[in-house]
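Please look over the structure below before reading on. The paragraphs that follow begin with one residue, widen to the whole chain, and then return to single positions.

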Amino acid sequence: MKKIALITGASKGIGFALTEKLLNENFFVIGTSRSGKFENLESENFYPLKLDLSNTESIKAAHKEIFSNFKHLDFLINNAGIGPDLGTYIPEKESFNQTFDVNVTGTVFFTEPLIELINENGIILNVSSKMGSLDVCELTDSVAYRMSKSALNMYTKILTNRLKGKIKIASIHPGWVKTTIIESNLKNGRLTPEESADNIWEFLINEFESGTFWNSETGTELLW
Ligand SMILES: NC(=O)c1ccc[n+]([C@@H]2O[C@H](COP(=O)([O-])OP(=O)(O)OC[C@H]3O[C@@H](n4cnc5c(N)ncnc54)[C@H](OP(=O)(O)O)[C@@H]3O)[C@@H](O)[C@H]2O)c1
């Protein structure tokens, strides 16, 4: 039987590349986007799911659809994330709330009911960022984005404690990747989404200790 991975934010960027990678590795993938449409992805092993993490009703509807159609999951990859204040210096209420709604609140409340579906020895991977590292932070930009990833990292730690011996959890920094999360990344990013997805795959298939914060670009552990 194929392993099943649920990947949020699968319509483009790193999530799309990861979806293609896992399909090539013989997984069945449930991929989410806000529209629920995936014109660029056709596979009998792909299940498109509509999900807006900033909307409680959308999260509820997605849960209903998942529980009606799937009995278990092997991987939950919380990849969807936004950075409307990336490259700015002073926090602004609207983008601050948007960032936390998606990267933190939506991600936590989407994850919680799904935990019971995840197989023993399954994995929850939170796509974080080294911009959320408290130890490494020396800059002053992107207040909401950085804080949201620190908060996501705390969720990784808490789940690690709660699910010890049952499910493995990690936060991953996918590298500096050429995506449209911020337009300048398309020019400045060091990795293609495909290269980033390959690195994340390597992490997933190698034994890792639950509660790790991993930089998949350098293949090294990150300080929290
Ligand atoms: N790119 C980098 O250099 C980099 C570095 C460190 C960490 N990351 C992290 O990597 C993850 C993926 O980023 P990316 O660079 O691939 O970004 P991206 O290309 O902008 O893709 C973001 C994905 O999130 C989805 N999304 C956006 N708003 C959403 C919402 N309200 N509810 C549910 N899904 C939503 C988008 O789908 P729709 O718009 O179709 O709904 C899209 O599939 C993020 O968590 C990001 O913080 C990226």
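Asn26 is partly exposed, with a relative accessible area of 49%, where buried means under 20% relative accessible area, exposed means over 50%, and partly exposed is what lies in between, computed with a 1.4 Å probe and protein chains only. This residue, Asn26, sits in the loop that runs between helix H1 (13-24) and strand E2 (28-33), and its phi is positive, at about 75°, although it is not a glycine. This is a predicted model, in which local features need pLDDT of at least 70 and side-chain atom pairs count only at pLDDT 80 or more, whereas totals for chains, interfaces and linings use all residues. Residues are numbered from 1 along each chain as its sequence is written, and side-chain values use heavy atoms, with hydrogens and water left out.

Turning to the whole chain, the secondary structure comes to six helices and eight strands, where helices (H or I, at least four residues) and strands (E, at least two) are DSSP runs numbered from the N terminus. Read from the N terminus on, the elements run β-α-β-β-α-β-α-β-α-β-α-α-β-β. The radius of gyration of the protein chain is 16 Å, close to the 17 Å that the globule rule gives for 224 residues, so the chain is as compact as a globular protein of that length; this radius is taken over C-alpha atoms, and the globule rule is 2.2 Å times the number of residues to the power 0.38. Along the principal axes, the C-alpha atoms fill a box of roughly 45 × 35 × 30 Å, and 51% of the 224 residues count as buried. Among contacts (heavy atoms within 4.5 Å) between residues at least 6 apart in sequence, 64% join residues at least 24 apart.

Leaving aside residues up to four places away in sequence, Val29 touches Ala5, Ile7, Thr19, Leu22, Leu23, Asn45, Phe46 and Tyr47. Val29 and Glu44 are 15 residues apart in sequence, and their C-alpha atoms are 9.7 Å apart in space.

Another buried residue is Thr107, with a relative accessible area of 3%, and its place is in helix H3 (residues 93-114). The side chain of Thr107 reaches the backbone oxygen of Val102 at 2.8 Å. Not counting residues up to four places away in sequence, Thr107 touches Leu53, Asn78, Val102 and Leu152.

A positive phi is found again at Asn121, where the value is about 70° although the residue is not a glycine. Asn121 lies in strand E5 (residues 118-127) and is exposed, with a relative accessible area of 64%.

Finally, Thr220 is found in strand E8 (residues 220-221) and counts as partly exposed at 39% relative accessibility. The side chains of Thr220 and Thr218 are joined by a polar contact of 2.6 Å, a term for a pair of N or O atoms within 3.5 Å of which, within protein, one must be able to donate a hydrogen and the other to accept it, while residues adjacent in sequence count only if both atoms are side-chain atoms. Thr220 also touches Trp214 and Asn215, when residues up to four places away in sequence are not counted. The C-alpha atoms of Thr220 and Ile118 are separated by 27 Å, and the two residues are 102 residues apart along the chain.
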